[in-house]
Amino acid sequence: MRVTAPFGRRAVPITARERYGAYTVLHCRDSAGPRPQAGQFYMLSAAARWGGGEAERPFLPRAFSVLRAPDPTDELQFLIEDVGPGTNRLCELGSDDELLLVGPLGLGYAQPREGRGPLLVGGGVGIAPLAILQDQLELPALTLLGFRDAAHAAGAALFGDPARIATDDGSAGHGGLVTDLLLDAIDEDGHVEVYACGPPPMLEAVRSLCAERGVPAQLALESGMACGYGACFGCVVPTRNGYIRLCVDGPVLDAARLATALVAGAGH
(Lines give C-alpha, C1' and ligand atoms only; values in the text may rest on other atoms or scores of the structure.)
Protein backbone atom coordinates (compact mmCIF):
# COMPACT_ATOMS: atom_id res chain seq x y z
CA MET A 1 0.00 0.00 0.00
CA ARG A 2 1.03 3.62 -0.47
CA VAL A 3 0.41 6.43 2.00
CA THR A 4 1.20 9.73 0.26
CA ALA A 5 3.82 11.97 1.84
CA PRO A 6 3.25 15.69 2.41
CA PHE A 7 5.17 17.93 0.01
CA GLY A 8 8.64 19.00 1.08
CA ARG A 9 11.07 18.25 3.86
CA ARG A 10 10.11 18.89 7.48
CA ALA A 11 12.00 19.13 10.75
CA VAL A 12 10.88 16.90 13.62
CA PRO A 13 12.19 16.75 17.19
CA ILE A 14 14.10 13.73 18.49
CA THR A 15 12.33 12.51 21.63
CA ALA A 16 14.51 9.55 22.64
CA ARG A 17 17.48 7.44 21.64
CA GLU A 18 17.87 3.79 22.69
CA ARG A 19 20.53 1.14 22.20
CA TYR A 20 19.81 -2.46 21.31
CA GLY A 21 23.19 -4.14 21.10
CA ALA A 22 24.79 -2.97 17.84
CA TYR A 23 21.77 -0.87 16.86
CA THR A 24 20.44 2.58 17.73
CA VAL A 25 16.70 3.33 17.75
CA LEU A 26 15.74 6.97 17.20
CA HIS A 27 12.32 8.16 18.35
CA CYS A 28 10.88 11.34 16.84
CA ARG A 29 7.53 13.16 16.82
CA ASP A 30 6.07 13.79 13.35
CA SER A 31 2.90 15.80 13.97
CA ALA A 32 2.64 16.97 10.33
CA GLY A 33 2.89 13.59 8.59
CA PRO A 34 0.43 10.73 8.00
CA ARG A 35 0.84 7.32 9.61
CA PRO A 36 3.02 5.11 7.35
CA GLN A 37 2.29 1.62 6.11
CA ALA A 38 4.72 -1.18 6.95
CA GLY A 39 7.48 -1.30 4.36
CA GLN A 40 7.39 2.39 3.49
CA PHE A 41 10.49 4.49 4.09
CA TYR A 42 11.70 8.02 4.86
CA MET A 43 14.67 10.03 3.63
CA LEU A 44 16.51 11.17 6.77
CA SER A 45 19.23 13.70 7.55
CA ALA A 46 20.32 15.64 10.61
CA ALA A 47 19.16 19.27 10.87
CA ALA A 48 22.64 20.36 12.01
CA ARG A 49 26.14 19.32 10.89
CA TRP A 50 24.93 17.33 7.90
CA GLY A 51 27.65 17.69 5.28
CA GLY A 52 30.14 19.02 7.81
CA GLY A 53 32.13 15.89 8.52
CA GLU A 54 35.33 14.52 7.02
CA ALA A 55 35.51 15.45 3.30
CA GLU A 56 32.21 17.33 3.90
CA ARG A 57 30.33 14.03 4.13
CA PRO A 58 27.55 12.97 4.31
CA PHE A 59 26.34 14.62 1.11
CA LEU A 60 22.82 13.21 0.72
CA PRO A 61 19.96 12.07 2.97
CA ARG A 62 19.68 8.38 3.77
CA ALA A 63 16.68 6.09 3.18
CA PHE A 64 15.35 4.20 6.23
CA SER A 65 12.35 1.93 6.63
CA VAL A 66 10.05 2.74 9.53
CA LEU A 67 10.65 0.52 12.55
CA ARG A 68 7.45 1.49 14.37
CA ALA A 69 4.70 4.13 14.23
CA PRO A 70 2.65 3.40 17.35
CA ASP A 71 -1.02 4.40 17.21
CA PRO A 72 -2.62 6.69 18.21
CA THR A 73 0.54 8.79 18.68
CA ASP A 74 2.50 10.84 16.13
CA GLU A 75 5.72 9.02 17.02
CA LEU A 76 8.06 7.44 14.46
CA GLN A 77 10.91 5.07 15.24
CA PHE A 78 13.92 4.24 13.07
CA LEU A 79 16.52 1.49 13.46
CA ILE A 80 20.07 2.56 12.58
CA GLU A 81 23.43 0.80 12.55
CA ASP A 82 26.55 2.98 12.52
CA VAL A 83 28.31 1.90 9.32
CA GLY A 84 29.37 5.19 7.67
CA PRO A 85 29.32 8.99 7.87
CA GLY A 86 25.55 9.33 7.44
CA THR A 87 24.53 6.66 9.94
CA ASN A 88 27.25 7.84 12.32
CA ARG A 89 25.79 11.36 12.39
CA LEU A 90 22.25 10.04 12.86
CA CYS A 91 23.36 7.81 15.74
CA GLU A 92 24.77 10.91 17.50
CA LEU A 93 21.40 12.67 17.62
CA GLY A 94 19.73 13.16 20.98
CA SER A 95 16.70 14.79 22.57
CA ASP A 96 18.02 18.31 21.91
CA ASP A 97 18.34 17.71 18.17
CA GLU A 98 16.06 17.76 15.15
CA LEU A 99 15.75 15.28 12.30
CA LEU A 100 14.95 16.36 8.75
CA LEU A 101 12.72 13.90 6.93
CA VAL A 102 10.70 13.33 3.77
CA GLY A 103 8.07 10.62 3.78
CA PRO A 104 6.42 8.23 4.04
CA LEU A 105 7.55 7.11 0.57
CA GLY A 106 7.16 4.06 -1.63
CA LEU A 107 4.91 1.01 -1.60
CA GLY A 108 4.62 -1.14 1.52
CA TYR A 109 3.55 -4.68 2.30
CA ALA A 110 0.07 -6.04 1.56
CA GLN A 111 -1.94 -8.37 3.79
CA PRO A 112 -1.41 -12.08 2.97
CA ARG A 113 -3.43 -13.80 0.30
CA GLU A 114 -6.56 -15.62 1.42
CA GLY A 115 -5.84 -18.90 3.14
CA ARG A 116 -2.22 -18.06 3.96
CA GLY A 117 -0.64 -16.97 7.21
CA PRO A 118 2.21 -14.43 7.42
CA LEU A 119 5.79 -15.60 7.92
CA LEU A 120 8.34 -12.83 8.57
CA VAL A 121 12.03 -13.21 7.67
CA GLY A 122 14.54 -10.47 8.50
CA GLY A 123 18.28 -10.06 8.33
CA GLY A 124 20.38 -7.48 10.19
CA VAL A 125 19.09 -3.92 10.03
CA GLY A 126 16.49 -5.28 7.59
CA ILE A 127 14.43 -6.41 10.57
CA ALA A 128 13.10 -2.82 10.84
CA PRO A 129 10.03 -2.94 8.55
CA LEU A 130 9.03 -6.32 9.96
CA ALA A 131 8.46 -4.82 13.42
CA ILE A 132 5.85 -2.34 12.17
CA LEU A 133 4.48 -5.07 9.90
CA GLN A 134 3.98 -7.26 12.95
CA ASP A 135 1.90 -4.42 14.44
CA GLN A 136 -0.22 -3.94 11.29
CA LEU A 137 -0.92 -7.53 10.24
CA GLU A 138 -4.42 -8.82 10.76
CA LEU A 139 -3.11 -12.31 11.62
CA PRO A 140 -0.39 -13.43 14.05
CA ALA A 141 2.95 -14.13 12.38
CA LEU A 142 5.91 -16.40 12.98
CA THR A 143 9.08 -14.28 12.89
CA LEU A 144 12.53 -15.52 11.86
CA LEU A 145 15.52 -13.19 12.33
CA GLY A 146 19.12 -13.60 11.22
CA PHE A 147 22.11 -11.67 12.60
CA ARG A 148 25.89 -11.59 12.41
CA ASP A 149 26.42 -12.27 16.12
CA ALA A 150 24.91 -11.94 19.59
CA ALA A 151 25.54 -8.17 19.74
CA HIS A 152 23.36 -7.70 16.66
CA ALA A 153 20.84 -10.32 17.81
CA ALA A 154 19.94 -7.97 20.67
CA GLY A 155 17.72 -6.28 18.03
CA ALA A 156 15.29 -9.20 18.35
CA ALA A 157 14.09 -7.61 21.61
CA LEU A 158 12.27 -5.02 19.45
CA PHE A 159 9.65 -7.60 18.55
CA GLY A 160 6.62 -8.08 20.75
CA ASP A 161 6.32 -11.82 20.09
CA PRO A 162 9.34 -14.10 20.55
CA ALA A 163 11.24 -14.71 17.33
CA ARG A 164 13.36 -17.64 16.18
CA ILE A 165 16.93 -16.39 15.85
CA ALA A 166 19.93 -17.45 13.79
CA THR A 167 23.46 -16.04 14.00
CA ASP A 168 26.32 -16.50 11.58
CA ASP A 169 28.78 -17.32 14.37
CA GLY A 170 26.38 -19.39 16.50
CA SER A 171 26.65 -17.02 19.48
CA ALA A 172 22.83 -16.78 19.78
CA GLY A 173 20.06 -19.07 18.61
CA HIS A 174 20.63 -21.33 15.61
CA GLY A 175 24.19 -21.37 14.32
CA GLY A 176 23.77 -20.71 10.61
CA LEU A 177 21.55 -18.80 8.20
CA VAL A 178 18.04 -17.53 8.79
CA THR A 179 17.03 -19.36 5.58
CA ASP A 180 17.73 -22.62 7.46
CA LEU A 181 14.94 -21.61 9.82
CA LEU A 182 12.75 -20.59 6.88
CA LEU A 183 13.10 -24.00 5.25
CA ASP A 184 12.10 -25.70 8.51
CA ALA A 185 9.11 -23.34 8.95
CA ILE A 186 7.81 -23.98 5.43
CA ASP A 187 8.18 -27.73 5.98
CA GLU A 188 6.09 -27.32 9.14
CA ASP A 189 3.37 -25.33 7.33
CA GLY A 190 3.49 -24.45 3.64
CA HIS A 191 0.27 -22.40 3.73
CA VAL A 192 2.13 -19.17 4.36
CA GLU A 193 3.10 -15.95 2.63
CA VAL A 194 6.66 -14.84 3.30
CA TYR A 195 7.55 -11.21 4.09
CA ALA A 196 11.28 -10.53 3.94
CA CYS A 197 13.78 -7.71 4.28
CA GLY A 198 17.54 -7.99 4.61
CA PRO A 199 20.80 -8.05 2.65
CA PRO A 200 20.55 -8.97 -1.05
CA PRO A 201 22.07 -12.48 -0.72
CA MET A 202 19.50 -13.32 1.96
CA LEU A 203 16.64 -11.95 -0.14
CA GLU A 204 17.81 -13.95 -3.16
CA ALA A 205 17.95 -17.11 -1.04
CA VAL A 206 14.42 -16.40 0.22
CA ARG A 207 13.17 -15.71 -3.31
CA SER A 208 14.71 -18.90 -4.69
CA LEU A 209 13.51 -21.09 -1.82
CA CYS A 210 9.95 -19.74 -2.02
CA ALA A 211 9.87 -20.20 -5.80
CA GLU A 212 10.95 -23.82 -5.44
CA ARG A 213 8.29 -24.49 -2.79
CA GLY A 214 5.49 -22.56 -4.52
CA VAL A 215 5.19 -20.11 -1.61
CA PRO A 216 4.35 -16.45 -2.40
CA ALA A 217 6.70 -13.84 -1.00
CA GLN A 218 6.91 -10.06 -0.68
CA LEU A 219 10.46 -8.71 -0.59
CA ALA A 220 11.57 -5.25 0.58
CA LEU A 221 14.57 -4.46 -1.62
CA GLU A 222 17.33 -1.93 -1.08
CA SER A 223 19.11 0.24 -3.62
CA GLY A 224 21.00 3.51 -3.52
CA MET A 225 18.62 6.49 -3.34
CA ALA A 226 19.40 10.19 -3.63
CA CYS A 227 15.88 11.68 -3.66
CA GLY A 228 13.35 9.00 -2.67
CA TYR A 229 10.58 10.14 -5.05
CA GLY A 230 11.66 9.06 -8.53
CA ALA A 231 13.52 12.11 -9.85
CA CYS A 232 17.14 10.92 -9.76
CA PHE A 233 16.74 7.38 -11.21
CA GLY A 234 19.45 6.24 -8.81
CA CYS A 235 17.49 3.22 -7.56
CA VAL A 236 16.54 1.61 -10.88
CA VAL A 237 16.41 -2.21 -10.61
CA PRO A 238 15.56 -4.94 -13.14
CA THR A 239 12.38 -7.02 -13.01
CA ARG A 240 11.01 -9.70 -15.34
CA ASN A 241 9.02 -6.94 -17.09
CA GLY A 242 11.69 -4.28 -17.38
CA TYR A 243 13.31 -1.74 -15.11
CA ILE A 244 11.53 0.09 -12.28
CA ARG A 245 12.42 2.85 -9.83
CA LEU A 246 12.47 1.13 -6.48
CA CYS A 247 11.55 4.28 -4.53
CA VAL A 248 8.18 4.70 -6.29
CA ASP A 249 7.40 1.17 -7.57
CA GLY A 250 8.81 -0.49 -4.44
CA PRO A 251 10.63 -0.98 -2.17
CA VAL A 252 8.31 -3.93 -1.56
CA LEU A 253 7.94 -6.15 -4.61
CA ASP A 254 6.21 -9.45 -5.19
CA ALA A 255 9.01 -12.01 -5.48
CA ALA A 256 7.42 -13.42 -8.65
CA ARG A 257 8.32 -10.16 -10.44
CA LEU A 258 12.04 -10.81 -9.94
CA ALA A 259 14.50 -13.07 -11.72
CA THR A 260 16.94 -12.23 -8.91
CA ALA A 261 17.00 -10.16 -5.73
CA LEU A 262 20.75 -9.56 -6.08
CA VAL A 263 20.35 -5.91 -7.00
CA ALA A 264 23.48 -4.01 -8.00
CA GLY A 265 24.40 -1.23 -5.59
CA ALA A 266 22.35 -2.60 -2.69
CA GLY A 267 23.72 -3.27 0.79
CA HIS A 268 26.06 -1.16 2.91
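Colleague: Where do we start?

Modeller: With the ground rules: this is a predicted model, where local features need pLDDT of at least 70, side-chain atom pairs count only at pLDDT 80 or more, and totals for chains, interfaces and linings use all residues. Residues are numbered from 1 along each chain as its sequence is written, and side-chain values use heavy atoms, leaving out hydrogens and water.

Colleague: How many aromatic pairs are there, and how do I read one?

Modeller: A pair of aromatic rings is described by the distance of the centres and the angle of the planes. Rings of Phe, Tyr and Trp (its six-membered ring) pair if their centres lie within 6.5 Å; planes under 30 degrees apart are stacked, over 60 edge-to-face, and the rest tilted. Here the count is 2 aromatic pairs. Tyr42 and Phe78 are edge-to-face, 5.4 Å centre to centre with 80° between the planes. Tyr42 lies in strand 3 and Phe78 in strand 5 (residues 75–81), so this pair ties together parts 36 residues apart in sequence. Strands are DSSP runs (E, at least two residues), numbered from the N terminus.

Colleague: What is the angle between the planes of Tyr109 and Tyr195?

Modeller: Their planes are at 65° and their centres 5.5 Å apart, so this pair is edge-to-face. Tyr109 is buried at 4% relative accessible area, and Tyr195 is buried at 0%.

Key
Helix = DSSP H or I, 4+ residues; strand = E, 2+ residues; numbered from the N terminus. Buried < 20%, exposed > 50% of the residue type's maximum accessible area, 1.4 Å probe, protein only.
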